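I opened the notebook to look up a few local features of one chain.

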Amino acid sequence: MQTADQGLRATPLDAEHARLGAKMVPFAGYSMPVHYSTGIVAEHNAVRTAAGLFDVSHMGELYVSGPGALALIQYVSTNDASALDVGQAQYTALCREDGGVLDDCLVYRLSDAYLIVVNASNLDKDREWIRGHAAAFEVAIDDRSERTALLALQGPRAAEILASITTVDLDAVGYYRFAEGAVGGRPALVARTGYTGEDGFELYVANEDAAAVWRALLEKGSAAGLLPAGLGARDSLRLEVGYALYGNDLDEEHTAIESGLGWVVKPDKGDFVGRDALVREKAEGAVRRLVGFRLSERGIPRPGYPLQVGEEVVGRVTSGVHSPSLGCGVGLGYVAREHAAKGALIDVIIRGKPVPAEIERPPFYKDGSIRR
């Protein structure tokens with residue numbers, strides 16, 4: 001990929017962002033658009049009511065093939081990939097032996113391989129960690145991150161927009177399913193996945209095809225209210241539905257059980273890295289939990305702000321935002337187990353002032369268009 005200013009890397013859509021007047025910021029080693037001329041709130045609202053188009057080409061794509069591919073994936077990840085049909089994807093986690101989360105990722109089952117999509121900031125770490133376990137399995141690992149662009153078309157009108165320029169039968173692509181075909185005349189893997197709480201698709205295309213697909217979608221979608229959208233809207237959208245972000249809400253110092261990922265930990269599938277620690281913690285109960293909270297008064301919770309009960313600090317905010325859809329502050333944070341119950345009252349310390357909040361199980365925003 002191209003090299004951007006200040007030592008940052010550029011995605012294949014860098015020139016498109018410049019053409020649209022995007023404000024660019026550093027993110028995971030890349031120069032990425034935080035918003036366009038319309039602004040974060042307009043982009044957020046477009047996704048909730050019509051559609052938004054995101055460049056997420058910074059994500060990493062690792063292809064695992066060979067007779068031992070499934071066995072390797074079963075060993076290095078927590079979910080049960082044996083349950084996947086060809087054309088199906090699942091959310092999973094990579095964990096250390098002590099259960100700490102190395103990354104959260106998606107696994108896609110192709111006809112001849114598995115695709116693992118990892119966070120950009122963890123690509124090198126994840127690739128080498130998986131390769132470090134691969135010697136015991138008959139596999140080949142192909143890192144195609146440098147050759148792959150990823151576009152996310154999200155919102156209640158996403159299917160309508162995409163259907164006009166793709167050969168894929170979108171009605172046949174269920175939630176967390178995918179198909180291969182063409183978008184705007186260019187080869188693409190079309191997955192009904194996303195990070196916004198809305199129906200939508202993630203489109204994997206070759207770098208050289210990214211700009212053509214991007215422009216075709218914006219042209220076809222303009223009449224339907226489609227806007228290009230940046231990291232700012234992506235963050236507020238994902239927080240409204242309580243999706244965790246690696247590096248904020250997930251990290252190696254918190255286990256999958258503490259992080260609320262117990263639902264993708266499948267001990268019955270057999271041995272995997274971190275299994276014993278996670279089984280033990282699940283039985284004993286985590287001493288701290290990642291929870292959602294909603295402010296009862298005006299304020300914006302920021303990462304690092306203390307969470308208190310009375311005068312006692314019981315945790316810290318990991319992510320927070322003023323929700324454009326709900327008109328209040330919402331966030332995620334780790335708190336001691338005894339304060340993690342739904343409905344529990346806490347204070348978020350914002351600029352030295354306690355602002356009352358209530359523990360709430362996400363999603364905070366419940367009117368999304370996801371087609372499950």
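I began with terms. Two strands pair if DSSP finds at least two bridges between them. Strands (E, at least two residues) and helices (H or I, at least four) are DSSP runs, numbered from the N terminus.

I then noted what I was reading. This is a predicted model, where local features need pLDDT of at least 70, side-chain atom pairs count only at pLDDT 80 or more, and totals for chains, interfaces and linings use all residues. Residues are numbered from 1 along each chain as its sequence is written, and side-chain values use heavy atoms, with hydrogens and water left out.

**Entry: strand β19**

I looked up the partners of β19. Strand β20 covers residues 353–360, and six bridges join β19 to β20. These two strands run antiparallel. Across this pair, Val348 stands opposite Val355 in β20.

I also checked strand β16, residues 306–309. Two bridges join β16 to β19, which spans residues 345–350. This pair runs antiparallel as well. Here I found Gln308 opposite Asp347 in β19.

**Entry: the turn**

How many residues lie between β19 and β20 in their hairpin? I found two. Arg351 is in that turn. Its phi is near 50°, a positive value in a residue other than glycine.

Next I looked up exposure. Buried means under 20% relative accessible area, exposed means over 50%, and partly exposed lies in between (1.4 Å probe, protein chains only). Arg351 has a relative accessible area of 81%, so Arg351 counts as exposed.

**Entry: after β20**

I followed the chain past the hairpin. Pro363 lies in the segment after β20. A cis peptide bond joins Pro362 and Pro363. I wrote down its omega, about 10°.

**Entry: Ala28**

I went back towards the start of the numbering. Ala28 is in the loop between β2 (23–27) and β3 (30–35). Ala28 is not a glycine, yet its phi is positive, about 55°. Is Ala28 buried, partly exposed or exposed? Its relative accessibility is 32%, so Ala28 counts as partly exposed.

**Entry: Gly185**

My last stop was another loop. Gly185 sits between β11 (178–183) and β12 (186–191). Gly185 counts as exposed because its relative accessibility is 63%.
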